Amino acid sequence: MDEADKPIVLISNDNQRIEISKKVAQGSNFIKNDIESFPDHTEYPLAIKGELLTKIKEYLEHHQTEEAKVIPTPLPDGDLKKYVTDFDFKFIDLDPNTVAELLLAANTLDIQPLLTLTAAKIASFMKGKTTEEMRAIFKIENDFTPEEYKRYQEENQWCLENFSS
């Protein structure tokens, strides 16, 4: 068996063990650096939930054979399907909180195409939405008092005018 095809085990922070080939795992610059630093290791503990590592493994395996499309930034509109492969569009069809967790995991593991995809998905959630709609989508509580909110709007009117045009 070729060295690159040998399996390693990623251990999640909830003790799930995800087997993956070294070659596939090296789609993460973080894991690649770990493998290069500790070539005799076969297990690599990570501070990421098992369900996310399983999704990341799926993403990395797929992108061994199909390169991710370059996604324009900023995202021109909320229709992400125009800018990604069919696989990526289906892959990222997740609830907003899971996408946010996946974004953090992609950042931690230094997987730039997945980081860009998750950021674009979050942007697509936000495109054309009001502050209140975004708070509802991401379950963010408005902790401004009515007086604070009014003062904020008055102080930032210039931004709100430029943003809406």
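**Reading the terms applied to this model**

Modeller: Six aromatic pairs turn up when the whole structure is searched. The model is a predicted one.

Colleague: Why is the pair formed by F144 and Y149 called tilted?

Modeller: The ring centres of F144 and Y149 are 6.1 Å apart, with 50° between the planes. Rings pair if their centres lie within 6.5 Å, and planes under 30 degrees apart would be stacked, over 60 edge-to-face.

Colleague: What makes the pair of F144 and Y152 stacked?

Modeller: For F144 and Y152 the planes are 25° apart and the centres 5.7 Å apart. Because stacked rings need planes under 30 degrees apart, 25° qualifies.

Colleague: How do you know whether F144 and Y152 are buried, partly exposed or exposed?

Modeller: The relative accessibility is 34% for F144 and 37% for Y152. Buried requires under 20% and exposed over 50%, so F144 is partly exposed, and so is Y152.

Colleague: Which residues do ring pairs link into a cluster?

Modeller: The cluster consists of Y59, F87 and F91, linked by ring pairs.

Colleague: What makes one speak of a face of α7 that is lined by buried residues?

Modeller: The buried residues of α7 are M134, R135 and F138. Viewed down the helix axis, these residues fall within an arc of 105°, so they line one face of α7. An α-helix has 3.6 residues a turn, so residues three or four places apart point the same way. Among the elements that cover the buried residues of α7 are α5 (96–109), α6 and α8 (146–155).

Colleague: How do you know whether K139 is buried or exposed?

Modeller: The relative accessibility of K139 is 65%. Exposed means over 50%, so K139 counts as exposed.

Colleague: Where does N15 lie, and what is its phi?

Modeller: N15 is in the loop between β1 (7–11) and β2 (17–21). Although not a glycine, N15 has a positive phi of about 65°. Its relative accessible area is 62%, over the 50% limit, so N15 is exposed.

Colleague: Which peptide bond is cis, and where is its proline placed?

Modeller: The bond from T73 to P74 is cis, with omega near -5°. P74 is in the loop between α3 (50–62) and α4 (86–91).

Colleague: Why is L60 called buried?

Modeller: L60, in helix α3, has a relative accessibility of 6%. The limit for buried is under 20%, so L60 counts as buried. Leaving aside neighbours within four places in sequence, L60 is in contact with I20, V24, A25, G27, S28 and I111. L60 and G27 are 33 residues apart along the chain, and their C-alpha atoms are separated by 6.1 Å.

Colleague: How are K90 and D95 classed by accessibility?

Modeller: K90, in helix α4, is at 64% relative accessibility, over 50%, so K90 counts as exposed. D95, in the loop between α4 and α5, has a relative accessible area of 41%, and because this lies between 20% and 50%, D95 is partly exposed.

Colleague: How far are these two from P146 and L46 respectively?

Modeller: K90 and P146 are 40 Å apart in space, C-alpha to C-alpha, and 56 residues apart in sequence. For D95 and L46 the values are 23 Å, C-alpha to C-alpha, and 49 residues.

Key
Residues are numbered from 1 along each chain as its sequence is written. This is a predicted model: local features need pLDDT of at least 70, side-chain atom pairs count only at pLDDT 80 or more; totals for chains, interfaces and linings use all residues. Side-chain values use heavy atoms; hydrogens and water are left out. Buried means under 20% relative accessible area, exposed over 50%, partly exposed in between (1.4 Å probe, protein chains only). Helices (H or I, at least four residues) and strands (E, at least two) are DSSP runs, numbered from the N terminus. The arc is that of the directions from the helix axis to the C-beta atoms. Contact means heavy atoms within 4.5 Å.
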